[in-house]
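Visitor: I am new to this structure. Please pick out one part and go through it closely.

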Amino acid sequence: NLLNELLILVLILTGLFLYDPKAILLLTITILPVFFLFYNWVKGRALKLEKEVNSITPELTKSIFQSVHGFPDVEITNTQPIFRKRISDLIGRLVKLNIRRTVYNAAPTKVLETGMVITVFAITAYGLWFLPDRAGLAALLGMYALAAYRILPSTNRIMLALISVKGYQYTFDIVNEVNGFIPESEQHEEIKFNSGIHIKNLSFQFPDAKEKMLNNVNLSINKGESLGLIGVSGSGKTTLMNLLLGFWEPTEGEILIDDKPLNKHTLKSWRDRIGYVQQEVYIIDSTVAENVAFGLKDKEIDQAKLEKALKQASLWDFVQTLPKTIHTQIGERGTKLSGGQRQRVGIARALYSGADVLFFDEATSALDTKTEEEITESIRTLADGKLTLIIIAHRKTTLKYCTRIVKVANGKLHGEVSYEDIS
């Protein structure tokens, strides 16, 4: 808008200059001071306003999200008034900011109209004093009125464009943070998984932490085995899994897949070979098929591959009882499924992606005993020597079919334990 209106303005002013250069001089000394005085007054305020809006909006979204998704807790603790007031206060602040924004958007027209009136007065005075006849004055005013008919909206749009550019200038600070980002597609290196995963002298510490979460961990996981990791909360199990998943990078040491280090160059290739089943599987508001073949639409899904994944996850028989089988909508966050069925969807999703390694992070901790046994049985069928399973668990029964169980405590590995020795 700024460039377009500047071009129009330059063409109009050029025409006026060719007709009477003195009129341009009058226009300049009357309009430009008004324009720049107003712009200098409003630009800092516009930037401050947009920054404040940008800081309030996430707070408002978070408060609404917490009150909706934490509805049972909000009801039980009688904190509805607190959340309501918090949301109301934030909306009130946004309303006031939007009023100011509306004023800033409307004000340029009024200010520039005033400038135009001043210019008409100046041209009339110029004509009366310096032009030889009144006809020349009428012609000059007519030409100016015709030009002003288009100059006024152009100047107004220029002002609004400049205010908008200035108001959103803070976004450049955000853009600059990722300015040197190199797309992952330019970093790819192929990684193979033929023998195993080797963790060597691995330590991890958060930048703002005083102590290490993991300290000098050494572990080899052979391809095809089922490894269980057990330990109390905070022992470092999940941290180790997050490192293996590539969410974080080790502070010291390395993770080797076969003999190739896991880093940003090999991460995409590694993730093509792994699957991840969380404690709470993320279910999108779509069909069974689209939840298993995550990110794909129905027409893009390999039906044979989908059926195989559902059967391996012990979900195929259940899906056949649904009204539209694999095309049945299962609701937002899987509201039409039980906890165990949601976990099986997560397992099927990992299998559909063609994973060689499956990670289970407390996948049964939120389930009842019977459902946990069913999921554990599903895991047993997967532990056939072809897939590599890495399982984190609090409950002993989840690790029932692991070929090895390693105890984690205080950020260190404390050797292998037998299933019978787990309390």
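**Strand S9 and the parts around it**

Guide: Ala-409 has Lys-412, in S10, as its bridge partner. This is a predicted model, in which local features need pLDDT of at least 70 and side-chain atom pairs count only at pLDDT 80 or more, while totals for chains, interfaces and linings use all residues. Residues are numbered from 1 along each chain as its sequence is written, and side-chain values use heavy atoms, with hydrogens and water left out.

The bridge between Ala-409 and Lys-412 belongs to an antiparallel pairing of S9 with strand S10 (residues 412–416), made over three bridges. Two strands count as paired if DSSP finds at least two bridges between them. Strands (E, at least two residues) and helices (H or I, at least four) are DSSP runs, numbered from the N terminus. S9 and S10 make a hairpin with two residues between them. Asn-410, in the turn, has a positive phi of about 55°.

S9 also pairs with strand S3 (residues 226–230): the two run parallel and are joined by four bridges. In this pairing Leu-227 stands opposite Arg-404 of S9. Strands of a sheet pair through backbone hydrogen bonds, either parallel or antiparallel.

How enclosed is S9 itself? Strand S9 covers residues 404–409, and five of its six residues are buried, so the rest of the structure largely encloses it. Buried means under 20% relative accessible area, exposed over 50%, and partly exposed in between (1.4 Å probe, protein chains only).

Four strands form an open sheet in the order S2-S1-S4-S5, with antiparallel pairing. The edges are strand S2 (214–222) and strand S5 (260–261); each has a single partner strand, so one side of each lacks a neighbour in the sheet. S5 is joined to strand S4 (residues 252–257) by two bridges in the antiparallel sense, and Leu-256 stands opposite Pro-261 in S5. Helix H7 (residues 237–244) packs on this sheet and touches strand S1 (196–204), S2 and S4. Contact means heavy atoms within 4.5 Å. The direction of H7 makes about 120° with that of S1; axes are lines fitted to C-alpha atoms, for helices over the stretch in contact, and angles run from 0 to 180 degrees between N-to-C directions.

For a contrast with buried S9 residues, take Val-120 in helix H4 (residues 80–130). Val-120 is partly exposed, with a relative accessible area of 35%. Not counting residues up to four places away in sequence, Val-120 touches Leu-141 and Tyr-144. Tyr-144 is 24 residues from Val-120 in sequence, and their C-alpha atoms are 8.2 Å apart.
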